[in-house]
Amino acid sequence: MIARVNSCAVCGIDAMVVEVEVDISFGLPVFNMVGLAEIAVRESKERVRTAINNSGYTFPMDRVVINLAPADVKKEGTGLDLPVALGILAASGLIPKETPLAWLISGELSLDGRVKPVKGALPYALAARDAGFRGIIVPSENADEAAMVSDIEVIAVSHLAQVVDFFSGFLQIAPHQVDPKQFARPSDVSRLKDFADVRGQAHVKRALEIAAAGFHHVLMTGPPGSGKSMLAKRLAGILPLPVFEESMEIARIYSVMGLVGKNFEMFGARPFRSPHHTISDAGMVGGGSRPTPGEISLAHHGVLFLDELPEFKKNVLEVLRQPLEDGQVSIARAGVKATYPCVFMLVAAMNPCPCGNFGNPLQECTCAKPMIQRYRSKISGPLLDRIDIQIEVPQVSYDDLANNTPGESSADIRIRVDAARKIQIGRFENQGVLCNARMGSGLVNETCVLEKDAQSVLHQAMDRLGFSARTFNSILKVARTIADLACEKKISRRHVLEAIQYKSYGRSDASAF
């Protein structure tokens, strides 16, 4: 007898429907599984056999063949355990063969028949909805995650026997109900580090406010102890809350990695990732023999903070160039290709030289000129060209440190950032972007209208400083964000001047601007 059960497998951050075909025929007792099953899937044969027997059912002592269709795509993970077991029981006549076809089923089986959680429940639920299934059957631990998807029924189960009784009509299980919008609730801002703790550095706070409003990349350069890391770690407190669509995209990535958990904390704020400088290029952009998302994808719609930027391997930094432009990265391996989104805000910090005191009037630099050149050459020109805001973070003075008056709070800054972001969302409605930093050339020409005196200033800057075409667009985007923070429709001379300063760090020929 042949039975069919529908399940899922992850491909990138999406899920594809896998049809589990089970055939039981007379012959020597054999349990074969075909259809490019990976090791974890092939090992499920023993888990399934033992779980069926320990749940009070009898595993057929005949020839059992399992086919996982489509047969030319690799299947990974343990989520196929439950559908394989149900397919065998359906082919044995224990449950009606037609009943499971309306459902997409996923779950790992323990040896006693308990159903354990799986990775990727959210993409599975999206696939079930898009494919027109009545609903999805998942482990109880994954029910909240799957219920974020509306228009389908989510059945939470904890044991194989429970699913068998449900399909046999002996047990009624109410669909799991949850309000998806609760996952996009505002985060508890009080738990985030506050900008009010930062003494001095008013111009750096201003630069980070602009960066947060337009989602621009930032590079902070300054001596050790000047507050670069402290400022970067407080950036999360002024970023606008993700809209529900952004939260769902973030959730899909974390679901595939099995990092959602039960508290859904990542839905209250944007991700903030800070990998160590020993990370590999595969760890940064994703990869491995079985492709998985890297740090840039885990920072999707959030912040990727690279502290001590020149300490990262050069090849690790260079692989960031294409994702910074495209907002996605494709990983190709033998027989497998996965595409992961990575629209992130790069925030980097570095010292001006190996000792950290180059240009510091209070400390003498002990580095030879060739040492400084080698240190800075680790950051290539093309990568720097992609960073919209480059700012110097000087040593904090005693007067600023001794001043106990709290600075402007993150909550106050966030009000201005939210207002500027709302302007951008309204401007780019139905354009596929949500912030100024993601504008293409066409949108830049359409929205970045300069007043006459602003055009003259930018013309002079391009001629004198030799800016590239990418830098030209970058200046326009930052100037557009500065104007949005000021609630002005046109870009004036002062907006352009401020934007030029953020691209002129370290250039002596920029003093005229």
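Analyst: The model is a predicted one, in which local features need pLDDT of at least 70 and side-chain atom pairs count only at pLDDT 80 or more, whereas totals for chains, interfaces and linings use all residues. Residues are numbered from 1 along each chain as its sequence is written, and side-chain values use heavy atoms, with hydrogens and water left out.

The largest pocket is lined by 32 residues, of which Glu325, Val433, Ala437, Arg438 and Met439 are the closest to its centre; a lining residue has an atom within 4 Å of a point. By class, the lining of this pocket divides into 12 nonpolar, 8 polar and 12 charged residues, with Ala, Val, Leu, Ile, Met, Phe, Trp, Tyr, Cys and Pro taken as nonpolar, Asp, Glu, Lys and Arg as charged, and the others, Gly among them, as polar. At least two lining residues each come from helix H9 (244–256), helix H13 (321–326), helix H18 (441–447) and helix H20 (469–485), and H20 gives the largest share, 4 residues. Helices here are DSSP runs of H or I with at least four residues, and strands are runs of E with at least two, numbered from the N terminus.

In the loop between H20 and H21 lies Cys487, which has a positive phi of about 60° although it is not a glycine, and which is exposed, with a relative accessible area of 58%. Another residue other than glycine with a positive phi, near 60°, is His301, in the loop between helix H11 (295–298) and strand E14 (303–306); His301 is buried, at 9% relative accessible area. Most residues other than glycine have a negative phi, and most peptide bonds are trans. A cis peptide bond, with omega about 5°, joins Ala69 and Pro70, and Pro70 is found in the loop between E4 and helix H3 (81–91).

As for the rings, the structure holds 4 aromatic pairs, a pair being rings of Phe, Tyr or Trp (its six-membered ring) with centres within 6.5 Å, called stacked if the planes are under 30 degrees apart, edge-to-face if over 60, and tilted otherwise. Phe31 and Phe59 form a tilted pair, 5.3 Å centre to centre with 45° between the planes. Because Phe31 lies in strand E3 (residues 30–34) and Phe59 in the loop between helix H2 (44–54) and strand E4 (63–69), this pair ties together parts that are 28 residues apart in sequence. Both Phe31 and Phe59 are buried. A further tilted pair is that of Phe166 and Phe167, at 5.6 Å centre to centre and 50° between the planes; Phe166 counts as buried at 14% relative accessibility, and Phe167 is buried at 4%. Ring pairs link Trp103, Phe166 and Phe167 into a cluster. The charged end of Arg49 sits over the ring of Phe59, 4.7 Å from its centre, and that of Arg427 sits over the ring of Phe428, 5.5 Å from its centre; this requires NZ of Lys or CZ of Arg within 6 Å of the ring centre and within 35 degrees of the ring normal.

Ser106, in the loop between strand E5 (103–105) and strand E6 (108–109), is buried, with a relative accessible area of 0%. Leaving aside residues up to four places away in sequence, its contacts (heavy atoms within 4.5 Å) include Ser7, Gly79, Tyr124 and Pro139.

Overall, the protein has 21 helices and 18 strands, and 52% of its 513 residues count as buried.

Note on methods. On a 1 Å grid over the protein atoms alone, a cavity is a set of points where a 1.4 Å probe fits but cannot get out, and a pocket is an open set with protein on both sides within 12 Å along at least five of seven lines; lining residues have an atom within 4 Å of a point. Buried means under 20% relative accessible area, exposed over 50%, partly exposed in between (1.4 Å probe, protein chains only).
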